[in-house]
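Trainee: I'd like to learn how to read a structure like this one, feature by feature. Can you walk me through it?

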Amino acid sequence: MFPADCNCSQHVDRRKFLTRTLAGTLAAAAAVTSDVASATQSKSPAKATTGTGTGTGKRKFMEEATRLAIESVEKGWGGPFGAVIVKNGEIIGRGQNRVLLTGIPVFHAEITAIMDASARLNPKALLGSEYGAGTILEMIPREAGSPDPVPERARMLKGCDIYINGAPCPMCMSAIYWARIDHVYFAASLKDTSKIGFDDAFQYEDFAKPWEKRRIAVTPNFERDIGLKAYEAWMAKKDRHPY
C-alpha cells in the first residue's frame with residue numbers, strides 16, 4: 001500500500017504494467033517458490049554448526065541442493081540441478097531446475113533459488129516505493145576499492161552464499177553477480193555437466209569472443225540513438241535507485 005497522503009497517480013501506469021507483464025511469470029514463480037517451500041517446510045532450517053569452517057556444517061547445504069536436484073529429475077520437472085541460498089548459517093532460498101515443468105528456458109536452479117530468497121526477504125510487494133530498511137533494495141555504500149561507478153547500490157542478497165550441485169551456467173552466474181551474492185560453492189564441474197549432455201562451457205568461451213564471432217548472430221549498435229533515449233531517461237531521473 002502507498003501512504004495515504006501520497007500523490008499516487010505516478011504509480012498507476014507502473015501498477016498496470018506490472019500486472020500485465022508479470023502475471024504469467026509470477027504464476028510460474030509462485031509454483032516454483034511455494035512448491036519448493038512446501039516440499040521442505042517440514043524440515044527444520046539447515047544451520048551451519050558453529051566453528052565448522054568448510055566441514056560438515058556446510059556439507060549439509062550441498063546435500064540439500066543435491067536433494068532438490070534429484071527431486072527435479074524424479075518428478076520430471078527439469079534437469080539434475082538444485083541450489084540453496086544461505087544467510088547467517090540458515091537456508092533462506094531453495095531452487096531447482098523447473099524448465100520442463102514450466103516450459104520457461106530460464107528457470108534454472110540458481111534463478112529459482114534467487115527468486116525464493118528474494119521473496120522471503122521482501123515480505124511485501126514493491127511497486128516503486130518502500131525501498132527502505134528491511135528489503136533487499138535498501139541502499140548500502142560501495143566497498144572500499146570497488147570499481148563500482150556509483151557510491152551506493154541496493155543490498156540485494158549481499159551477505160549470502162549459494163550452494164549448487166553443479167557449476168553454474170553463464171546465465172546463472174550473471175544472475176548471481178546481479179544478486180550480489182558473496183560466495184559460490186558448486187560440486188560437479190563444467191566438464192562433469194558436459195558429460196551428461198548439458199554443455200555450458202562453450203558459452204563461457206563464446207562470451208570471450210568479439211560480437212561478430214559469436215555463435216549467435218549479433219548486430220551491435222543497431223539504431224543506437226533510439227536505444228540511448230532510455231538511458232537518458234534513467235540519468236534524468238533524480239530519484240533513481242541503483243541496483
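This is a predicted model: local features need pLDDT of at least 70, side-chain atom pairs count only at pLDDT 80 or more; totals for chains, interfaces and linings use all residues.

Trainee: How many helices and strands does the protein chain have?

Mentor: Helices (H or I, at least four residues) and strands (E, at least two) are DSSP runs, numbered from the N terminus. Here you get 8 helices and 6 strands, in the order α-α-β-β-α-α-β-β-β-α-β-α-α-α from the N terminus on.

Trainee: And what share of the residues is buried?

Mentor: Buried means under 20% relative accessible area, exposed over 50%, and partly exposed in between (1.4 Å probe, protein chains only). Of the 243 residues of the protein chain, 34% count as buried. The accessible surface, from the Shrake-Rupley method with a 1.4 Å probe where for residues only the protein chains shown count as cover, comes to about 14900 Å², and 57% of that belongs to carbon and sulfur atoms.

Trainee: Now the sheet. In what order do its strands run?

Mentor: Two strands pair if DSSP finds at least two bridges between them. By that test, 4 strands form an open sheet, E2-E1-E5-E6, with mixed pairing. At the edges sit strand E2 (90-96) and strand E6 (183-188), each pairing on one side only. On average, neighbouring strands of this sheet are turned by 15 degrees against each other, direction ignored; axes are lines fitted to C-alpha atoms, for helices over the stretch in contact, and angles run from 0 to 180 degrees between N-to-C directions.

Trainee: Which helix packs on the sheet?

Mentor: Helix H4 (residues 109-121) does, touching E1, E2 and E5, and its direction makes about 140 degrees with that of E2. Contact there means heavy atoms within 4.5 Å.

Trainee: What are the pairings of E1?

Mentor: Strand E1 (residues 82-87) pairs with strand E5 (residues 160-166) in the antiparallel sense over 5 bridges, and the bridge partner of Lys87 in E5 is Cys160. E1 and E2 are also antiparallel, over 6 bridges, with Gly93 in E2 as the bridge partner of Ile85. Since 5 of the 6 residues of E1 are buried, that strand is largely enclosed by the rest of the structure.

Trainee: What does phi tell me in the loops?

Mentor: Most residues other than glycine have a negative phi. Asn88, in the turn of the E1-E2 hairpin with 2 residues between the strands, has a positive phi of about 55 degrees. Arg180, in the loop between helix H5 (170-179) and E6, has a positive phi of about 65 degrees.

Trainee: Are those two buried or exposed?

Mentor: Asn88 is exposed, at 74% relative accessible area, whereas Arg180 counts as buried at 17%.

Trainee: Against what do the buried residues of H5 pack?

Mentor: Against H4, E5, E6 and helix H7 (201-207). The buried set in H5 includes Cys172, Met173 and Ile176.

Trainee: How many salt bridges are there?

Mentor: A salt bridge is a side-chain nitrogen of Lys or Arg within 4 Å of a carboxyl oxygen of Asp or Glu, and the count comes to 11. One of them joins Arg59 and Glu63 at 3.3 Å, N to O; both lie in helix H2 (residues 56-74), 4 residues apart.

Trainee: Which residues are linked in a network?

Mentor: Glu64, Arg67 and Arg94. Arg67 meets Glu64 with the closest N and O atoms 2.9 Å apart, and Glu64 meets Arg94 at 2.8 Å. Glu64 is buried at 8% and Arg94 at 9%, while Arg67 is partly exposed at 25%.

Trainee: Last one: which residues make the nonpolar surface patch?

Mentor: Trp178, Trp234, Met235 and Tyr243, over about 490 Å². Patches are made of residues with over 30% relative accessible area and no salt bridge: like charges are joined within 9 Å, nonpolar side chains (Val, Leu, Ile, Met, Phe, Trp, Tyr) within 5 Å. Trp178 lies in helix H5 and is exposed at 54%.

Terms used
Residues are numbered from 1 along each chain as its sequence is written. Side-chain values use heavy atoms; hydrogens and water are left out.
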